[in-house]
Amino acid sequence: MTDKNKLAIHGGEPVRTEPLHTAYPGADVYGEEEKRAAIEVIENQSPYRYYGANVLGKVKSFENMFSEKFGNNHTLAVTSGTASLVVALKAAGIGPGDKVIVPACTFLATPGAVVVAGAVPVFADIDDSMNIDPDAIGKVVDKYTKAIIPVPILGNPCQMDRIMEESKKHNLIVIEDVAQSCGSKYKGKYSGTFGDINCFSLQINKIITTGEGGAVTTNDPKLYERAVRYHDQGMFREKEGFLSKDAPDDVFVGQNYRMSEITGAVALEQLKKLDSIIESMRKVKYSIKNQIKDINGLGFRTINDEAGDSGNSLILLLPDAEIAAEFRKALTAEGIPTGFLYNGEPIYMIPQMMKKKTVDRNNFPFDQFDEEIVYTRDMCPNSWNIMPRSANIGISPTYTEKDVDDIVKAIRKVAAHLLK
Ligand SMILES: Cc1ncc(COP(=O)(O)O)c(C=O)c1O
């Protein structure tokens, strides 16, 4: 006989014998629509956006629908969220000798793209929302700082009014990295519609997904043109065709970050499902949250605007790092997959970032300043206060009422043992 009250990590009976499936929101609702769309491209033998036997214009349709949905003038589909960041940074003219502010709590892609663009990241501390603290921005600005990348973490919108205010004060270009929070809103306005140029990801963990993919949005025609050129070998085919010698004087050499038609076709179908995915995740998340908020010793990150939370993650905050580690292990053993963000540490702790190791000679671009760029373990103390204490439960739009009950039951069971 196993003991129902004994924790599964101690040999007790788990709340779920069949563990809850890990949440991949967009992929969890893949169905006939995505299948038909991908097959249609294959049947037409036209997987390339610019030419082929019978180009269906799927990428273009996705871009148009994205602009319509978010109310921006221009959307450019690209191959990944990382690509969207590099394209946006280069479109904005960021390069060697520039610094770009990023939050200490974000995926490595955010500061990594800054380095790839030839600039260096400066880390700003987070507040209790786990997003960039608007009050931390002014503290890290110097004469080299050109831009800022706010990142709404796992559905939680950033305080974009305060961030825009600070950015204006310090003359910073704003590049929103909405990779984790597509469809979230701050005060009724979509994340990714505040910045000068904004970035989205369609990677599998994201709210809508094509496995890999991304998008850049802007209202500025000049930024859009530079983004298009950077993503397509310096060309703007819709304007001047292929390898034109009559391109304007300010053209430049670019890369290839073009989205394929198969990806575009699936992206279009996923975008149609965005609202319903968010509605389902929010229902699940807040149902769980409402049933566990009375638990002593259990906290939550501050949600900057609950009405705009896209609902893809429930982050619990425990009293200390040790209890949090035990809590995550115990919940996972009960059949509820529970993780934390980025090893529970500020992202600059990743060795290549902390040691400023790049692929280039002399650790370019860190050698581009008349001062040494110094990163220290404790430069973002509030990130150290919060990140190690977190436990993250990803939310799927397909979680059922029974799943919600199990998550609540498991959290209550583990809390009863660990939060006395
Ligand atoms: C905040 C953030 N920015 C950028 C990216 C990079 O996106 P991708 O994996 O599509 O390159 C990710 C996730 O992967 C992310 O979480």
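Colleague: By class, how many nonpolar, polar and charged residues are in the lining of the largest pocket?

Modeller: There are 16 nonpolar, 17 polar and three charged residues in that lining. Ala, Val, Leu, Ile, Met, Phe, Trp, Tyr, Cys and Pro count as nonpolar, Asp, Glu, Lys and Arg as charged, and the others, Gly among them, as polar. This is a predicted model, where local features need pLDDT of at least 70, side-chain atom pairs count only at pLDDT 80 or more, and totals for chains, interfaces and linings use all residues. Residues are numbered from 1 along each chain as its sequence is written, and side-chain values use heavy atoms, with hydrogens and water left out.

Colleague: What counts as a pocket or a cavity?

Modeller: Both are found on a 1 Å grid over the protein atoms alone. In a cavity, a 1.4 Å probe fits but cannot get out. A pocket is an open set of points with protein on both sides within 12 Å along at least five of seven lines. Lining residues have an atom within 4 Å of a point.

Colleague: What volume does the largest pocket have, and which residues lie nearest its centre?

Modeller: Its volume is about 790 Å³. A volume is the space filled by probe spheres set on the points, and points are joined across faces, edges and corners. The lining has 36 residues, with Leu 154, Gln 180, Asn 205, Lys 206 and Tyr 342 nearest the centre. Two or more residues each come from α4, α5 and β12 (390-394). α4 gives the most, four residues. Helices (H or I, at least four residues) and strands (E, at least two) are DSSP runs, numbered from the N terminus.

Colleague: Where is the ligand?

Modeller: The ligand takes up the space of the largest pocket. The test is that more than half of its atoms lie within 2 Å of the grid points.

Colleague: How many residues surround the ligand, and which are closest?

Modeller: 16 residues surround it, the closest being Gly 81, Thr 82, Asp 177, Ser 201 and Lys 206. Near means a heavy atom within 4 Å. The shell has five nonpolar, nine polar and two charged residues. α4 provides its largest share, three residues.

Colleague: Which side chains have polar atoms by the ligand's oxygen atoms?

Modeller: Gln 180 has a polar side-chain atom 2.8 Å from a ligand oxygen. Lys 206 also has one 2.8 Å from a ligand oxygen. On the nitrogen side, an N or O atom in the side chain of Asp 177 is 2.7 Å from a ligand nitrogen. A polar contact is a pair of N or O atoms within 3.5 Å.

Colleague: How much of the ligand does the protein bury?

Modeller: The protein buries 91% of the 380 Å² that the ligand exposes when taken alone. Areas come from the Shrake-Rupley method with a 1.4 Å probe.

Colleague: What lines the second largest cavity?

Modeller: Lys 285, Lys 289, Phe 300, Arg 301, Ile 303, Leu 314 and Ile 315. α10 (261-292) and β11 (313-317) each supply at least two residues of that lining.

How values were computed. Polar contact = N/O pair within 3.5 Å; in protein donor to acceptor, adjacent residues only side chain to side chain.
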